[in-house]
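Please read the following note with the sequence and the model side by side. Each point can be checked by finding the named residues.

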Amino acid sequence: MVELGLTGAKGAKMLHNDSHKFESEFISLSIPQNNSVMFGSLSGNKLGLWVAHGEGKFSLPEAESAYNVIAKYNYAGYPANPNGSDYNVAGICSADGRHLCMMPHLERAVFPWQNAWYPADRRQDEVTPWIEAFVNARKWVEAHK
């Protein structure tokens with residue numbers, strides 16, 4: 001999505017991780033205020049998620065404000081920002097919120113048992129808050145068919 005220009009991210013590229021290796025870990029993300037079809041309603045949340053990639057570094061040559069950031073790693077240093085992404089970015093979207101580029105794998109954290117850590121007081125949840133992104137996408141498609 002990024003290199004096809006669908007997100008409208010000026011000069012953005014996806015590069016190999018700074019570690020020069022495949023990274024797989026459970027990390028913490030913040031979802032800033034955004035207008036993404038999938039992530040808009042998750043704004044303000046801090047959630048755990050799996051990364052599993054060798055080319056997950058967002059190279060963003062413009063100021064952070066030039067991009068529609070939908071997810072950020074909560075900490076700047078390795079291993080919390082497992083790829084060295086500029087501005088700790090884990091995901092961006094197009095201005096209209098339809099095209100999304102994200103390197104962590106939300107499909108791998110839909111159920112509480114898939115998470116490396118899940119709050120003890122929410123262990124009875126059938127699904128995690130990440131399911132909301134998929135529900136939002138379905139609702140958008142239904143409204144725009």
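The points below go through the strands, the nonpolar cores, the salt bridges, a surface patch and some backbone details.

1. Basis. This is a predicted model, in which local features need pLDDT of at least 70, side-chain atom pairs count only at pLDDT 80 or more, and totals for chains, interfaces and linings use all residues. Residues are numbered from 1 along each chain as its sequence is written, and side-chain values use heavy atoms, with hydrogens and water left out.

2. Strand pairing. Strands are DSSP runs of E with at least two residues, numbered from the N terminus; two of them pair if DSSP finds at least two bridges between them. Strand 5 (residues 68–73) pairs with strand 2 (residues 23–30) in the antiparallel sense, over two bridges. Lys-72 in strand 5 is the bridge partner of Ser-30. Strand 5 also pairs with strand 6 (residues 89–93), again antiparallel, over four bridges. There, Asn-68 is opposite Cys-93 of strand 6.

3. Nonpolar cores. A nonpolar core is a set of buried Ala, Val, Leu, Ile, Met, Phe, Trp, Tyr and Cys residues joined through side-chain atoms within 4.5 Å. Buried means under 20% relative accessible area, exposed over 50%, and partly exposed in between, with a 1.4 Å probe and protein chains only. The largest core holds 20 residues, and Leu-29, Phe-39, Met-102, Leu-106 and Trp-130 have the most contacts inside it. Strand 2, strand 3 (46–53), strand 5, strand 6 and strand 7 (100–102) each give two or more residues to this core. A second, separate core has 12 residues, among them Met-14, Leu-60, Val-69 and Val-89.

4. Met-102. Which residues does Met-102 contact, leaving aside its neighbours within four places in sequence? They are Leu-29, Phe-39, Leu-49, Phe-58, Ile-70, Ala-90 and Gly-91, where contact means heavy atoms within 4.5 Å.

5. Salt bridges. A salt bridge is a side-chain nitrogen of Lys or Arg within 4 Å of a carboxyl oxygen of Asp or Glu. The count by this rule is five. In one of them, Lys-72 is joined to Glu-64, with the closest N and O atoms 2.7 Å apart. Lys-72 is partly exposed at 22% relative accessibility, and Glu-64 is partly exposed at 28%. Asp-125 and Arg-122 form another, at 2.9 Å between the closest N and O atoms. For Arg-108 and Glu-107 the corresponding separation is 3.9 Å.

6. Surface patch. Met-1, Leu-4 and Leu-6 make up a nonpolar surface patch with about 310 Å² of accessible area together. Patches are made of residues with over 30% relative accessible area and no salt bridge; like charges are joined within 9 Å, nonpolar side chains (Val, Leu, Ile, Met, Phe, Trp, Tyr) within 5 Å. Met-1 lies in the segment before strand 1 (13–15) and is partly exposed at 44% relative accessibility.

7. Backbone details. Most residues other than glycine have a negative phi, and most peptide bonds are trans. The bond between Tyr-78 and Pro-79 is cis, with omega about 10°; Pro-79 is in the loop between strand 5 and strand 6. Tyr-87, not a glycine, has a positive phi of about 60°, and Tyr-87 is found in the loop between strand 5 and strand 6. Asn-88 also has a positive phi, near 60°, and is placed in the loop between strand 5 and strand 6. Are these residues buried or exposed, wholly or partly? Tyr-87 is partly exposed at 32% relative accessibility, whereas Asn-88 is buried at 18%.

Key. Accessible areas come from the Shrake-Rupley method with a 1.4 Å probe; for residues, only the protein chains shown count as cover.
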